[in-house]
Amino acid sequence: MEYPNTRFSRRVRLTMLIVFIVAFFVISPIIIMYTAGYRYDWQNGLLKETGSISVDVEPKNATVYLNGIKLQDKMPIRLNNIAPAKYNLRISAPEYFDWQKEIEVKNKQTNYTKEVSLIRKNKPEVLINGKIENLAVSFDGRFIIYSAQKNNTTEISLWDNTTQQSTTLSSPNSLEPISVLWAEKNNYALIVDANAPYSRLLVINAENPLKQTDLIKINSSIKKFQWANSVEPQLYYSTRDNIYLYSPITAKSQIITRNNYLDWYMENGQLWTMQTDTSTKQYNITQDTLGFNSVLNQINSTDINLATGKMESSNLQVLAARQNTVLLKNTKDSQIILLTNSNKYKISADKFLISKYNNWWLLWSQWELWTYSEGEEPYLLNRSGEHLQEVVPLDQYNTLALAWANKTTVLFPYYLATHDLLDEKNTNIVADTQNKILYFINQTKNKEGIWKLNY
C-alpha cells in the first residue's frame, strides 16, 4: 500500500526496516561486548577481554605517561578496558628521578603499580671533612659515630645532627679499625674492635657521651655480644662460661644462663642456641632454649663445605634468628645457611641484614643479591659482575640503594625497576629512612669526608 505525498516507497521503507534490524543485532552485541571489556585485536584477528591499570605512587602530584601519552596528574589513577599488551609506563615529578617500567596488561586482570616513592634529585653536601674510615647512624638519625685518622691514631667522634657539633669519644693509640653497633630502639651504641679478641667494648649513651663503660674492664673474656630489641637499653654478652644481660642504666650485669652452647642468639627474650647432639653427631638449632625448648632443624658435616671436608664448631656462627628462620655462617667459606622448620638453603653470600620493614631478609656477595621472606623460598633478586659492596633499604616500601664498585644505583625490587643515583665510588653507605637522608664516605681528592644526600 502506498501513501500519498510520501517520499519513500513501500520497498524503500521495507529495506530501511531490514537495515535497522540488522544493524541492531550487529551493533548491540558489539556495544555490549565493548562495555563488558572485550576488544578486537586487528593484528592477530582475535577477540580479547581487556584488563586494567592502577597507579598510586608518591608524590601525589606525579604525572603518568603510558606509551608516551600523558594521563591525568592526580593520584590514584585507574584505567579500565585496556587491551592486553605490553606498555611502557613512565612516572615523572618535578625534582624527582623518573620511574620507568615495561608493564603487561592481561585478560581480566589489573596491573598494579603501588607502594613506590620516587627518589628526589639532590646534590650531595659535605657534612664532616677529614680522612673518615667508617660511620654508623643511630636509629632515629640524630647521631652519627665515625672514626677518622689523626696524628697516627684513630679518633672516634660523635656527631649530633641537632646541634651540628662533634664530640670526641675516644683516641686510642693505634690505627686498628673499629665497629659501631647501635641499639635498635634507643640512642645507645657499642664501640668495639673490628675483630676478636676484643680489647675494648665501650657502651655509650649518645645523649651523655662522656659517660662511658668499657665492658672489657668488667669481664675481659667476652666472646659475643648483642643488643636486645627493646626500648630500654639492654645488652647481652657471653664468656666461655656464662651468658649475661647488662643494663647500661644501672651499670650492672646478671647471669642469664650457663653457656653450654656452641653459639647463641637472643630474639625478643627467647634464646636460640646451637648444640651438639651426641647421639646423632649433628648440631641442633634450638628455639627458646630456656622455655619450650624445641629443635628447629639440624645440620651435619654435609651441610657446610670446608676445604678440609670437616665441620668444626668454632667455624660456625648463628648470625640471626627471627620467628621460624635462622641464619648460620661458616667463617671459612663465603656461604650462609638459611634454616627453617623443614628446609635448608645454602646461599652464596657473606653479608646480610634484616630490613626493619616487613621482616625482609637481604643476603649478598659481590656477585649476587638474595632476598627472603617468612614462608617463602629465597629469591635471587640480582646477579652481576660489577662487585656489589653494600645494600641499604631506603624506605618502608623496601626500595634499595645498591653500592657498586664505582657507582650507587636505586632498585625498586618488587618491579625490578632501577636508575642511577651517584656516579662515584663511595663507601660505608647508610640511610636514615625516617628523614630520607643517605650518608656515605667519599675518599677521593678534595672530597674526603662524610657526605649527606637528601633523597
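This is a predicted model: local features need pLDDT of at least 70, side-chain atom pairs count only at pLDDT 80 or more; totals for chains, interfaces and linings use all residues.
A salt bridge is a side-chain nitrogen of Lys or Arg within 4 Å of a carboxyl oxygen of Asp or Glu. Residues are numbered from 1 along each chain as its sequence is written, and side-chain values use heavy atoms, with hydrogens and water left out.

**Salt bridges**

- Lys351 lies in strand β31 and Glu390 in strand β35, so the pair ties together parts that are 39 residues apart in sequence; strands (E, at least two residues) are DSSP runs, numbered from the N terminus.
- Lys351, at 32% relative accessibility, is partly exposed, and Glu390, at 26%, is also partly exposed; the term covers values between buried (under 20% relative accessible area) and exposed (over 50%), with a 1.4 Å probe and protein chains only.
- Glu368 and Arg383 form a salt bridge at 2.9 Å, N to O.
- Because Glu368 belongs to strand β33 and Arg383 to strand β34, this pair links parts 15 residues apart in sequence.
- Glu368 is buried at 14%, whereas Arg383 is exposed at 57%.

**Backbone features**

- A cis peptide bond, with omega about 5°, joins Glu58 and Pro59; Pro59 sits in the loop between β3 and β4.
- Asn358, in the loop between β31 and β32, has a positive phi near 65° and is exposed at 56%.
- Asn398 also has a positive phi, near 65°, but is buried at 0% relative accessibility.

Methods: Helices (H or I, at least four residues) and strands (E, at least two) are DSSP runs, numbered from the N terminus.
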